[in-house]
Amino acid sequence: LIEYGGIRLLVNVGHDESYSLRDNNVVELPPVDAVLITDSSLQSLGGLPYYYGQESGNKCRNQRNEKSSASTISSGGGNMNGMTQIYATFPTVKMGQMNLYDHHANICLDGGNPGYSLLDIDSLFATSTYYQQSHHDSSNSSGTNIMGSSDNNTDAQDNNNNGINISSASNNTSGSKDGPPIATIKTLKYAQTVVLNDPEDPSKQAISITPHRAGHLIGASFFILKRLVDETEVIVAPVYHHTKEKHLDSSTLYKYGTACDVLITCCGGPGGLL
């Protein structure tokens, strides 16, 4: 959980088979303005359907509302009509969806309960929207601005990350008996910037978020957070790979991260194995 420039960001909502999303084992998520997903692994997005799916997500929200009369989703910032904004690259969204289907099937075939249903996965990913780099939205209800980056030579052309023009927003789940979706996924290109407005003053821009190539998985990214009032930078790079492989280019962290003010990463390599 990162609070920066008046914006509350949650980086990754992951879990795997070693952690159960059932009963009293779950961690209650705080209210946030946006969620950043760095890659398509279960360790990064395995908990998304439980917390932000249509069935399980509304159930969790109702339970939290019973404990507190205050709203669990903060206004302004990255929220749109009460829905939390989730940001990731297009390959991360598509491969992450497949990983969640496989995980759900594996747990159910063994007689277990993953803690969420297929409806949670479908309703969450059906609301994903792809922004073209030429798209400019300077005034919208979500308090976000999408801007294309001026760097056209590196990240924006890598891994075929954004050569597909997808724009899908499903409305058939909004009238479900389980309630409307509580989150929507926004897919970004590498080097494409989204600006979040201040929750206290929606007319004031707070921070910008820009994904760049992390290199360890197709579509994986690290995020550069820039506070616009003083242009200080925080880089969130939980996992990155500095070596180029046959099917993956190396991370661009050394290009974009050398002048940052703060670097947030995982020590000891993937899973702390080193």
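The legends below describe close-up views of a predicted model of a single chain.

**Figure 1. Overview of the chain, with six helices and 12 strands.** The chain has 274 residues, and buried residues make up 52% of them. Contacts between residues at least 6 apart in sequence are considered here; 70% of these join residues at least 24 apart.

**Figure 2. Helix α4, residues 90–109.** The helix has 20 residues, and at 1.5 Å a residue these should span 28 Å. The end C-alpha atoms of α4 are 29 Å apart, which agrees with that expectation. Buried positions in α4 are F90, P91, T92, V93, G96, Q97, L100, H103 and H104. Just after the helix, G111 takes a positive phi of about 85 degrees.

**Figure 3. Packing of α4 against α5.** Two packed helices are described by the angle between their axes and the distance between the axes. For α4 and α5, the axes come within 10 Å and cross at roughly 175 degrees. Angles over 145 degrees count as roughly antiparallel, so α4 is roughly antiparallel to α5. On the α4 side, the contact is made by V93, G96, Q97, L100, Y101 and H104. On the α5 side, L118, I121, D122 and F125 take part.

Figure 4. Q97 has a relative accessibility of 12%. The limit for a buried residue is under 20%, so Q97 counts as buried. Leaving aside neighbours within four places in sequence, Q97 is in contact with I121 and F125. Both I121 and F125 belong to the α5 side of the contact between α4 and α5.

**Figure 5. The largest nonpolar core, with 23 residues.** The residues with the most contacts inside this core are V13, V35, L48, Y52, I86 and L124. At least two residues of the core are supplied by each of α1 (42–45), α2 (48–52), β4 (84–89), α4, α5 (118–125) and β7 (183–188). The largest share, four residues, comes from α2. L124 touches L48, P49, Y52, I86, A183 and I185, not counting residues up to four places away in sequence. Apart from this core lies another, of 18 residues, with Y4, Y87, I209 and L225 among them.

**Figure 6. N12 in the loop between β2 (7–11) and β3 (34–36).** N12 is buried, with a relative accessible area of 16%. Contacts of N12, leaving aside neighbours within four places in sequence, are with L36, I37, T38, S44 and P238. N12 and L42 are 30 residues apart along the chain, and their C-alpha atoms are separated by 9.6 Å.

Figure 7. The view includes the following pairs.

- E233 and K226 meet through their side chains at 3.6 Å, N to O. E233 counts as buried at 16% relative accessibility, whereas K226 is partly exposed at 26%.
- D230 and R227 form a salt bridge at 2.8 Å, N to O. D230 is partly exposed at 37% relative accessibility, and R227 is also partly exposed, at 27%.
- D249 and K244 form a salt bridge at 3.7 Å, N to O. D249 is partly exposed, with a relative accessible area of 24%, whereas K244 is exposed, with 60%.

**Figure 8. A191, a residue with positive phi that is not a glycine.** The phi of A191 is about 70 degrees. A191 is placed in the loop between β7 and β8 (193–197). With a relative accessible area of 1%, A191 is buried.

**Figure 9. E231, with a positive phi of about 60 degrees.** E231 is not a glycine. The residue lies in the loop between β10 (221–227) and β11 (232–237). The limit for an exposed residue is over 50% relative accessible area. At 57% relative accessibility, E231 therefore counts as exposed.

Conventions. Residues are numbered from 1 along each chain as its sequence is written. This is a predicted model: local features need pLDDT of at least 70, side-chain atom pairs count only at pLDDT 80 or more; totals for chains, interfaces and linings use all residues. Side-chain values use heavy atoms; hydrogens and water are left out. A salt bridge is a side-chain nitrogen of Lys or Arg within 4 Å of a carboxyl oxygen of Asp or Glu. Buried means under 20% relative accessible area, exposed over 50%, partly exposed in between (1.4 Å probe, protein chains only). The expected span of a helix is 1.5 Å times one less than its number of residues. Contact means heavy atoms within 4.5 Å. A nonpolar core is a set of buried Ala, Val, Leu, Ile, Met, Phe, Trp, Tyr and Cys residues joined through side-chain atoms within 4.5 Å. Axes are lines fitted to C-alpha atoms, for helices over the stretch in contact, and angles run from 0 to 180 degrees between N-to-C directions. Angles under 35 degrees count as roughly parallel, over 145 as roughly antiparallel, 65 to 115 as roughly perpendicular and the rest as oblique.
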